[in-house]
Amino acid sequence: MVMVVLVLALLQLHSVAGAEAAAAAAGKTYTVAWNYPFQQNFYTHWNQGTSYVVGDRLRFLYNNKFHNVVRVNEEEFLACKASAVPHTDGDTVFHLNHPGRQFYICTHFGHCAAGMKLEVIVNGA
Ligand SMILES: [Cu+2]
């Protein structure tokens with residue numbers, strides 16, 4: 001009897017881990033049309049109502065003659081400054097691997113201040 005319970009428990013553990021792996025692999029990709037915004041709050045409203053989960057991806061598409069994208073911390077986000085080197089390939093994918101708030105900006109002069117900055121909130125899977 002003890003063995004049966006143990007085997008059942010192991011099976012259950014295994015199926016939970018399998019489901020989590022499948023969910024992570026099947027995460028959604030959200031494409032961000034990354035441009036100088038018409039309104040300062042454009043990217044504030046862009047993702048309202050979207051529930052991001054761990055395993056999802058953000059794909060930034062932009063003209064790399066005029067824009068770039070870099071993940072920053074909250075302090076940098078608020079100050080429109082980046083310590084990391086921005087991506088400049090025009091098609092940049094970020095994996096949302098951790099729950100919590102994540103921040104992205106364009107570092108071209110004046111762009112972030114004009115609203116080219118995006119915050120997303122990632123929920124645990
Ligand atoms: Cu820009």
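Predicted model: local features only at pLDDT ≥ 70, side-chain atom pairs only at ≥ 80, totals over all residues.

User: In what pattern do the helices and strands follow one another along the sequence?

Analyst: The chain holds three helices and seven strands. Read along the sequence, these elements give the pattern α-β-α-β-β-β-α-β-β-β.

User: In what order do the four strands of the open sheet stand, and which two are at its edges?

Analyst: The pairing in this open sheet is mixed: strand 2 and strand 7 pair in the parallel sense over two bridges, while strand 6 is joined antiparallel to strand 7 by six bridges and strand 4 antiparallel to strand 6 by three. The order is therefore 2-7-6-4. Since each has a single partner strand, one side of each edge strand is left without a neighbour in the sheet, and these edge strands are strand 2 (52-53) and strand 4.

User: Which residue stands opposite Ile105 in strand 7, and which opposite Val72 in strand 6?

Analyst: Strands 4 and 6 run antiparallel, and Val72 stands opposite Phe103 in strand 6. Strands 6 and 7 also run antiparallel, and the residue of strand 7 that stands opposite Ile105 is Lys117.

User: Is strand 1 largely in the open or buried?

Analyst: Strand 1 runs parallel to strand 3, joined to it by five bridges, and Thr29 stands opposite Arg57 in strand 3. Of the five residues of strand 1 (residues 29-33), the number buried is zero, so this strand lies largely in the open.

User: Is Leu58 buried or exposed?

Analyst: Leu58 is found in strand 3, and its contacts, leaving aside residues up to four places away in sequence, are Tyr30, Val32, Phe94, Leu96 and Val120. With Phe94, Leu58 is 36 residues apart in sequence, yet the C-alpha to C-alpha distance is 5.2 Å. A residue needs 20 or more other C-beta atoms within 10 Å to count as buried. Because Leu58 has 24 other C-beta atoms within 10 Å, the result is that Leu58 is buried.

User: What share of the contacts with a separation of 6 or more joins residues 24 or more positions apart?

Analyst: Of the 125 residues of the chain, 21% count as buried. For contacts with a separation of 6 or more, the share that falls to residues 24 or more positions apart is 75%.

User: Where is Cys80, and what is its phi?

Analyst: Cys80 lies in the loop between helix 3 (74-79) and strand 5 (91-95), and counts as partly exposed because it has 18 C-beta neighbours inside 10 Å. Most residues other than glycine have a negative phi. Cys80, although not a glycine, has a positive phi of about 55 degrees.

Definitions and conventions:
Residues numbered from 1 in each chain as written. Buried ≥ 20, exposed ≤ 12 C-beta atoms within 10 Å, placed from the backbone. Contact = placed C-beta atoms within 7 Å. Pairing = 2+ DSSP bridges.
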